[in-house]
Amino acid sequence: MKRASVIELPANDAIPASLIANLLDMLEQPILISNRSGRILQANVRGKQRLESHGFSFESNLNLFSDLLHISPKVIGDRIESGELRIDAKFEYCDGAALARIQWLPEADWLVVRIEDVGKNAIQEQPPAMQHTVQALLQEREITYRNLLAAYLRLQEVNRQKTVFLASAAHELKTPLAVIKGYYDLLLSGSLGKLTDKQRDILQESKESCERLVRLVSMFLNYSALESGKLILHLRENDLRDCLSELATRWREAFVRKQVRLETLLNGDIPIFKFDYQKVQQTVANLLDNSLKHTPAGGQVTFRAELHFWERRSAEEIQTHDRRRERKPQPNCIKISVSDSGPGIASEHHQEIFEDFVRVDRTSSGMGLGLAIAKRLVQAHHGKIWVDSELQRGSIFTFLLPIDNK
């Protein structure tokens, strides 16, 4: 029997996580991956489809033990500790029963679950010669699957090490940059002696470069926190107008230095509601920084915040006759937008600019993380972000912030 060859990662090349996920989706059998507590970490397309066909929702934080198998994770854990590597567990659903074949992967301490319908053992119904061929194919598929999973685990470890390195480097740079910036402020204040105009210009330019480094380090720290899943929202009753006014005041000096006009329009009817004060400021700051970077001197950036109705589908659908005649939409979110008079963005780049480390304009400064971080922070608030732009007609970055935040 021909055995499947082991998949090896090239020494200097990393396989993209999306490629590994696509390869797992090519497997015909429904596959789920969970940790020892039962939290489902990954599922291929057929696994999600099988769960949905059985009446389970994969998007609702489904737990392998409490929701699917209805057994304690300790039962499976004890059997694993006793030396069992494969465990079969039957579970019931609305139209019958299915079998969950659980396999423990010691390398990652994960449980790999294959779902099979009870009573559908095609191998036993086939002739001996066909059974041998099917068994051989199943063994090859099993080997290929395990090698793919091993490659995926190695890729995840490389990605984790990258995130740890970024966080460590950013932490090491944060303190000395703060000290340097403090000395610049002290020198510019004149406390250490009078400065000539030439000296003041040089110090001011050096301080601005230092501030750019501080923002870059802060961006690395935020990215590392988001990548490692350590983002925590501090939702409190806040005044969004105060939040955004404070931010606009802080950025006004930077706009004046570049000779770009900043116009702020904040609706007076914005209510007090729960949101993370710092995270919203950070989101808008990233959008302002992006607009300022791409707007030439003499241009304008407009910053708006207003009440808005965001129509989202919910479980409680409104009847058809009500939707047209009786429904009176009430604002349920805040629409915040930052528009600029820059060169604009071609339509084919509207989606990718929100991805990590993507820069459409290679001549501009930055690491391509500002918009990616803004997107994740908006999504953490259950909001939505997008861009409207055409070449030579500027850009409008907009995000919605739900008032109820549910």
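Start at the hairpin of strand 1 and strand 2: five residues sit between the strands, and Gly38 there takes a positive phi near 100°. Keep in mind that this is a predicted model. The two strands, residues 31–34 for strand 1 and residues 40–43 for strand 2, run antiparallel and are joined by three bridges.

Strand 1 is covered on both faces. Ile31 and Ile33 are buried on one side, while Leu32 and Ser34 are buried on the other.

Now for helix 8, which spans residues 277–294. From its first C-alpha to its last, helix 8 reaches 26 Å, close to the 26 Å expected at 1.5 Å a residue for its 18 residues. Helix 8 is also mostly covered, with 15 of those 18 residues buried. At its start, Asp276 gets involved: a side-chain oxygen of Asp276 comes to within 3.2 Å of the backbone nitrogen of Gln278.

What about the cysteines? Two of them are worth a look, and here is how they come out:

| Residue | Relative accessibility | Class |
|---|---|---|
| Cys243 | 0% | buried |
| Cys333 | 0% | buried |

Both land in the buried class because the cut-off is under 20% relative accessible area, and Cys243 is at 0%, as is Cys333. How many disulfides does the model have? With a disulfide taken as a pair of cysteine sulfur atoms within 2.5 Å, the count comes to zero.

How values were computed
Residues are numbered from 1 along each chain as its sequence is written. This is a predicted model: local features need pLDDT of at least 70, side-chain atom pairs count only at pLDDT 80 or more; totals for chains, interfaces and linings use all residues. Side-chain values use heavy atoms; hydrogens and water are left out. Buried means under 20% relative accessible area, exposed over 50%, partly exposed in between (1.4 Å probe, protein chains only). Helices (H or I, at least four residues) and strands (E, at least two) are DSSP runs, numbered from the N terminus. The expected span of a helix is 1.5 Å times one less than its number of residues. A polar contact is a pair of N or O atoms within 3.5 Å; within protein, one must be able to donate a hydrogen and the other to accept it, and residues adjacent in sequence count only if both atoms are side-chain atoms. Two strands pair if DSSP finds at least two bridges between them.
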